[in-house]
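Let's walk through this one with a few "how do you know" questions. Have the sequence and the 3D view ready.

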Amino acid sequence: MGLSRKQWFMLVVLVVGTFVTVLNQTLVTPALPSIMNEMSIDAPTGQWLTTGFTLVNAIMIPITAYLQDRFSTRRLFLFSMIVFAAGTLMCTWAPNFPVLLGGRLVQAAGAGILMPLSMTVLLVTFPIERRGSAMGIFGLVIAFAPAIGPTVAGIIIDAADWHIMFYGILGLVVLVIVASIFLIEDRPPANKGDSALDPLSLVLSTVGFGGLLYGFSVFGSAGLNPVAIGISAVGAACVVWFFIRQTHLAVPMLRVKVLTNRKFLIATIIGMLVQGSLLAAGILMPIYVQTLMGYSATISGLVLMPGAILMGIMNPIAGKLFDKHGPRVLGVVGMALLFITTVGFGLLTLESSLAYITVLYMVRMVSMALVNMPITTWGMNALDTRYMNHGTSVNNTLRQVAGSIGTAMVVSVSALVTNMAQPAWGGAQANMYGINMAFMACAAFVLAGFVLTLIFVKGKPGETAPVGAEGGAAQEPVAGKAALRDIMKRDVFTLPAAATVQQAMQLFIDKGISACPIVDANGLPVGFISDGDILKQLSRRSGSYTDPIVLIATSANDDTSYSDKLHQIMQLPVSAVGVRESIGVNVHADLEEVCRVLAQNHLKKVPVMDEGRIVGIINRSDITRYSMEEYLAGHPEDAVCCDEGSSDREPCAAGAPSA
């Protein structure tokens, strides 16, 4: 990977810290039957340990962006881990359910900050050429946590007690806190003062989503009582107020205007429906396997593990299939499989075999992988580049909220049906029927998503949609996007990585260019070389020095003649002289994005990419010329004449040539 020791240590701390918080989310699922039995609570009450955690996570996502603009990375990382540790300590003690639930909610507040913070620290700390390796390890470990969580929890519960799980988590968290003090860079916030937090929006989101979650949870155990109905109504009103308020704030807590883009809206709705079904199944399965079928918590975890592992394997495969076939094929196939397997769970009996359940769950997880990434990517591609971060925040927040409320609804259906059927059928059969109906409720969610996919998801590979100012669908194509294809140079000259500097200089002279991309054997860009890179090698001091002693010593020892240097450099491979990274712009990017890339990286030109291939080159001078032509087309009175030999610039007379 080429990472320094310091970067390796930082990567380890970030990965372990985030791994612990993700592992913590899935540990509780197999423990639910034991917790319900020990604390004498029903399933609608017990599911709060999962749905409450998810809801607080969702509320913290938009707040984290504000916190990152206010506090240094080390301080915020330490704060999030200390909050998480405090919640874990409450869970280890937990003499009753309210204390246990309170600990889970405190844990969620810390975990909700940690995940987006860790991603930001990785992206800011690691240079572009090393981000892929760092993020690859990060993603692999994080995907592993949900796979082993239920199995580890099951083994601990069978061997000891569910409290021991939280003691183990607490020990890991303490180690991460100590390590982060020494190994996490204390970087100041990059955009200090750019964000604002609206207290009323925070209150509205908390009361609104929390009220809806409470109402749907209570319906299962207490029925449609006036208190639950009233709290749900207040929650719904607060959610509506929250969304309306976001559209009127100069700096909204959540930029919900991106939902005016139809593709993004449809993708978000499908994601919400799928997320609700996913989390609900994770809660219902351990109850079914342990309580109704009589198996141990370890067996319950082992039933879930193959599906979770297969989903992790399928995610990158689904990404490649998306690039090749687009979202429609994957979305339709995935939603169809998800609907079939969910109905299959709705038809389970007390005599169903573990092998059948395991295979059914594996197919279900594969279908999730086929739907989640492709549909989300399709929706994000419909947004303007400027609103990608807002789209990510909105999508993640609403999916988390939908997972919480959807799970509460499904578990309430299970409890309500069980209570109604128990007098006639008895305990076990009534519980089985309740779980069947809960999965059928999940199937209704999935069916709605399947219909939306059939009707609206029609994108092709690499397709992006023109968007308006807030990410909504535009009536006309965006000029900047079309302009890039029009003004870029399509005659692209490249050099193989094994080419020499002499060959590069000959190409520059023959073609009248000053730089070109370096490509590998497959024609994919791996670097860039310019005449400036060659001049830097030929100069007496090929580096930047802040210490005058080092500068003098280097100059004194550099007695190689220009001719000798030139001879040596001519034989070097271009990969050793040029930049070992390829900064490019997507062919679908607008000119504002191109200008940003050129300006921030101090470049004169960049390759234009389409699905990993170079299709053109865009120069600063091309943009300057295009911009002037565009301006003069709308303001002809501002055109000027340039007389040879004169520095004066006067408005052009009629018929005079304009500059």
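Q: Why is Gly149 called buried?
A: Gly149 has 0% relative accessibility, so it counts as buried. The label applies under 20% relative accessible area, while exposed means over 50% and partly exposed lies in between (1.4 Å probe, protein chains only). This is a predicted model, where local features need pLDDT of at least 70, side-chain atom pairs count only at pLDDT 80 or more, and totals for chains, interfaces and linings use all residues. Residues are numbered from 1 along each chain as its sequence is written, and side-chain values use heavy atoms, with hydrogens and water left out.

Q: Where is Gly149 found, and what does Gly149 touch?
A: Gly149 sits in helix H6 (residues 128–159). Helices (H or I, at least four residues) and strands (E, at least two) are DSSP runs, numbered from the N terminus. Leaving aside residues up to four places away in sequence, Gly149 touches Leu23, Thr26 and Leu27, where contact means heavy atoms within 4.5 Å.

Q: What makes H10 and H13 roughly antiparallel?
A: The axes of helix H10 (residues 262–292) and helix H13 (residues 354–381) cross at roughly 160 degrees and come within 9 Å. Axes are lines fitted to C-alpha atoms, for helices over the stretch in contact, and angles run from 0 to 180 degrees between N-to-C directions. Under 35 degrees counts as roughly parallel, over 145 as roughly antiparallel, 65 to 115 as roughly perpendicular and the rest as oblique. H10 and H13 are therefore roughly antiparallel.

Q: Which residues make the contact of H10 with H13?
A: Among them are Phe264, Ile270 and Leu278 of H10, with Ile357, Met368 and Trp378 of H13.

Q: What makes E1 and E3 edge strands?
A: The open sheet of three strands runs in the order E1-E2-E3, with mixed pairing. Strand E1 (495–496) and strand E3 (525–530) each have a single partner strand, so one side of each is left without a neighbour in the sheet. Two strands pair if DSSP finds at least two bridges between them. Strand E2 (residues 515–519) and E3 have five bridges and pair in the antiparallel sense; Val519 stands opposite Pro525 in E3.

Q: Why is strand E6 called largely enclosed?
A: Five of the seven residues of E6 (residues 613–619) are buried, so the rest of the structure largely encloses this strand. Strand E5 (residues 605–610) runs antiparallel to E6, joined by six bridges, and Asp610 stands opposite Arg613 in E6.
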